[in-house]
Amino acid sequence: MRKVELISESASVSMGEAWFDIVNSDHFWIQWRLNALKKILRFFPKKGMALEVGCGNGLVMEQIEQLGYITDGCDLNRVALETISEDVKGKVMLYNIYDRSKDLLGKYSMVFLMDVIEHIEDDVDFLKTSAEYLQSDGIVIVNVPAYNSLFSKYDKEVGHVRRYTKRQLAETLNKAGIEPLVVSYWGAFLFPIAVVRKMTIGFTPSSGIIKRGMTPPGKLAHLFLKALMKMESILPFAVPFGTSVIAIGKMKK
């Protein structure tokens with residue numbers, strides 16, 4: 001069992017826990033998001049420590065460290081934290097960012113919020129608070145699901161409050177005192193699949209919605225989705241729409 005630093009009290013979070021049992025590093029969507037992350041990080045040098053807020057079971061921590069960024073992670077879900085791989089070099093903390101530990105504030109060169117703020121009612125305040133953990137020249141990396149028109153029973157089941165357009169995410173960052181540097185869609189080739197999911201998932205019992213919403217119907221389907229991912233990754237231009245939005249920003253001075 002992974003050693004977890006207990007800094008704050010454990011608390012329930014707006015996240016469907018079945019999701020952690022379904023996804024892994026080989027999952028097409030996890031790899032697709034990693035490709036989007038690689039693209040957006042290539043313009044920024046590797047330096048200092050990173051913090052992932054809402055790290056869950058540590059999948060993103062592992063990926064960030066594979067990219068060369070030593071990463072601490074924090075979450076309020078102790079069960080998920082204890083499943084994080086021992087190979088992750090950074091600290092794993094049961095920690096509420098609103099507790100504002102003096103040992104952590106201003107410590108990090110990067111703060112990652114990968115599919116977190118869509119679960120938060122006051123996303124602006126959450127972003128503001130997360131940014132307090134940055135060094136003065138640090139950056140924030142945010143990923144969110146795209147387009148409220150795609151909002152479905154799947155979103156409700158996993159704990160989403162909303163989805164975003166590029167413009168809405170940029171506005172949210174600005175309101176939080178964060179200057180957007182890059183804001184991009186990804187998952188354009190997933191868009192028709194997301195539309196079909198919204199149309200059909202309403203017929204699925206609540207207990208099976210997360211599994212159906214994230215699990216391809218067989219190995220061939222999974223390979224097909226990975227092929228779509230590779231096709232999108234080699235495009236020489238940014239896709240004009242997608243099922244997710246990813247952004248990098250820095251604190252305004």
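**Close-up views of the predicted model**

**Figure 1. The second largest pocket and the elements that line it.** Helix 2 (residues 28-41), strand 7 (residues 178-186) and helix 10 (219-233) each contribute at least two residues to the lining of the second largest pocket. The model is predicted: local features need pLDDT of at least 70 and side-chain atom pairs count only at pLDDT 80 or more, whereas totals for chains, interfaces and linings use all residues. Residues are numbered from 1 along each chain as its sequence is written, and side-chain values use heavy atoms, with hydrogens and water left out. Helices (H or I, at least four residues) and strands (E, at least two) are DSSP runs numbered from the N terminus. A pocket is an open set of points on a 1 Å grid over the protein atoms alone where a 1.4 Å probe fits, with protein on both sides within 12 Å along at least five of seven lines; lining residues have an atom within 4 Å of a point. The space in the second largest pocket is about 360 Å³, a volume being that filled by probe spheres set on the points, which are joined across faces, edges and corners. Of its 20 lining residues, Lys39, Ser184, Tyr185, Phe237 and Ala238 are the closest to the centre. Helix 2 gives the most to this lining, with five residues. By residue class, the lining holds 14 nonpolar, three polar and three charged residues (Ala, Val, Leu, Ile, Met, Phe, Trp, Tyr, Cys and Pro count as nonpolar, Asp, Glu, Lys and Arg as charged, and the others, Gly among them, as polar).

**Figure 2. The nonpolar cores and the contacts of Phe112.** The largest nonpolar core has 39 residues, and those touching the most other members are Trp19, Leu37, Leu41, Phe112 and Ile141. Helix 2 provides the largest share of this core, nine residues. Another core, of 37 residues, lies apart from it and includes Phe126, Leu134, Leu169 and Ala188. Such a core is a set of buried Ala, Val, Leu, Ile, Met, Phe, Trp, Tyr and Cys residues joined through side-chain atoms within 4.5 Å; buried means under 20% relative accessible area, exposed over 50%, and partly exposed in between (1.4 Å probe, protein chains only). Beyond its neighbours within four places in sequence, Phe112 is in contact (heavy atoms within 4.5 Å) with Leu37, Leu41, Ala50, Leu51, Glu52, Val53, Ile64 and Ile141.

Figure 3. Eight strands make up an open sheet of mixed pairing, in the order 1-4-3-2-5-6-8-7. Strand 1 (5-6) and strand 7 are the edges, each with a single partner strand, so one side of each lacks a neighbour in the sheet. Two strands pair if DSSP finds at least two bridges between them. Strand 2 and strand 5 run parallel and are joined by three bridges; Ala50 has Met110 in strand 5 as its bridge partner. Strand 6 and strand 8 run antiparallel with seven bridges, and Val142 is partnered by Ala247 in strand 8. Strand 7 and strand 8 also run antiparallel, through eight bridges, and Trp186 is partnered by Ser244 in strand 8. Strand 8 (residues 244-251) is mostly covered, with six of its eight residues buried.

**Figure 4. Helix 5 and its buried residue Asp123.** Seven of the nine residues of helix 5 (residues 123-131) are buried: Asp123, Val124, Phe126, Leu127, Thr129, Ser130 and Ala131. The elements covering these buried residues include strand 2 (50-53), strand 5 (108-114), strand 6, helix 7 (166-175), strand 7 and strand 8. Asp123 counts as buried because its relative accessibility is 10%. Leaving out residues up to four places away in sequence, Asp123 touches Ile117, Arg162, Tyr164 and Thr172.

**Figure 5. Two residues with positive phi in loops.** Arg100 has phi near 50 degrees, a positive value in a residue other than glycine. Arg100 is placed in the loop between strand 4 (92-94) and strand 5 and is partly exposed, at 33% relative accessibility. Tyr147, also not a glycine, has a positive phi near 65 degrees. Tyr147 lies in the loop between strand 6 and helix 6 (153-158) and is buried, at 18% relative accessibility.

Figure 6. Gln135 belongs to strand 6 (residues 134-145) and is partly exposed, with a relative accessible area of 31%. Not counting residues up to four places away in sequence, Gln135 touches Gly106, Lys107, Tyr108 and Ser109. The C-alpha atoms of Gln135 and Ser206 are separated by 43 Å, and the two residues are 71 residues apart along the chain.
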